[in-house]
Amino acid sequence: MDEPAGLRERKKERTRNLIAHEALRLFREKGFDEVSVVEVAAAAEVSKATLFRYFPTKEDLVLHRFADHLGEAARVVRERPPGLTPTAALRDHFLDRLAARDPITGLNDHPEVLSFMDLLYGTPSLQTGLVQRYRSQEIDALAQALPHSGGSTPLTRRLAATHLIVAQQELGVENWRAIASGRTADEAYDEAVTLAERAYGQLMTGLDTVFTAGVTGGATDG
């Protein structure tokens, strides 16, 4: 008799979580480049083929953790209040995430989070994967969400999206560096806020003039 669909999905989720858990454990112990996919599959007690059904590439064993944030910037822009520019909406969202110590901002000193960030930012091949796939997807989504009016064109929207996504990710790296140097998240918080406000402020100077005409109410800041 066939298993109920819900049971099958729960089994798949458990298998996926087990593979990801064992992969991160091995990567932390030995280094990403020193661990083979075969070794990860053996630790999770699955075949190599099964592993690749859940994670198409070795990099996905780590980068899948960003999946929940894919499209987040585009969503923030689409759902922003009337009168708020895209840049101001993304700034406010990033500041909110800093206050919440969201790991995506880099401002989180929980040992498990810090260990993951050390692995991510300390492995060039993972950085390449993050840039080539996740950054590219975020830029594409955000470019579509930016106002299609005023002085914007497909090129200016993509350039703007690139600046906004790169700024967010670079702020995350800078915050991780502060934590990795031995500071707590609370100790680094004020500086992280200052850096974010400065970065988004610089972007507002150049980008908001392009999109002002597409903002309901004509306001340019929050």
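Keep in mind that the model is predicted. The count comes to one cavity of 30 Å³ or more, and the largest pocket has a volume of about 270 Å³. Let's take these spaces one at a time.

**The cavity**

- The largest cavity holds about 70 Å³ of space.
- If you want to find it in the structure, look for its lining: Glu72, Leu90, His93, Phe94, Arg97, Ile104, Thr105, Gln168 and Tyr200.
- Helix 6, which covers residues 86-99, gives the largest share of this lining, with four residues.
- Sorted by class, the cavity lining has four nonpolar, three polar and two charged residues.

**The largest pocket**

- The largest pocket, at about 270 Å³, is lined by 17 residues, and those closest to its centre are Phe66, Ile104, Leu130, Gln168 and Gln169.
- Helix 7 (111-121), helix 8 (124-145) and helix 9 (154-180) are the elements that each give two or more residues to the lining of this pocket.
- Helix 8 provides the largest share of that lining, six residues.
- Nine nonpolar, five polar and three charged residues make up the lining of the largest pocket.

**The second largest pocket**

- About 190 Å³ of space lies in the second largest pocket.
- To trace this pocket, follow Arg65, Phe66, Asp68, His69, Asp102, Pro103, Ile104, Glu112, Val113, Phe116 and Met117, which line it.
- The lining of the second largest pocket has six nonpolar residues, one polar residue and four charged ones.

**A residue to look for**

- Ile104 lines the largest cavity, is among the residues closest to the centre of the largest pocket, and also lines the second largest pocket.

Terms used. Residues are numbered from 1 along each chain as its sequence is written. This is a predicted model: local features need pLDDT of at least 70, side-chain atom pairs count only at pLDDT 80 or more; totals for chains, interfaces and linings use all residues. Side-chain values use heavy atoms; hydrogens and water are left out. On a 1 Å grid over the protein atoms alone, a cavity is a set of points where a 1.4 Å probe fits but cannot get out, and a pocket is an open set with protein on both sides within 12 Å along at least five of seven lines; lining residues have an atom within 4 Å of a point. Grid points are joined across faces, edges and corners, and a volume is the space filled by probe spheres set on the points. Ala, Val, Leu, Ile, Met, Phe, Trp, Tyr, Cys and Pro count as nonpolar, Asp, Glu, Lys and Arg as charged, and the others, Gly among them, as polar.
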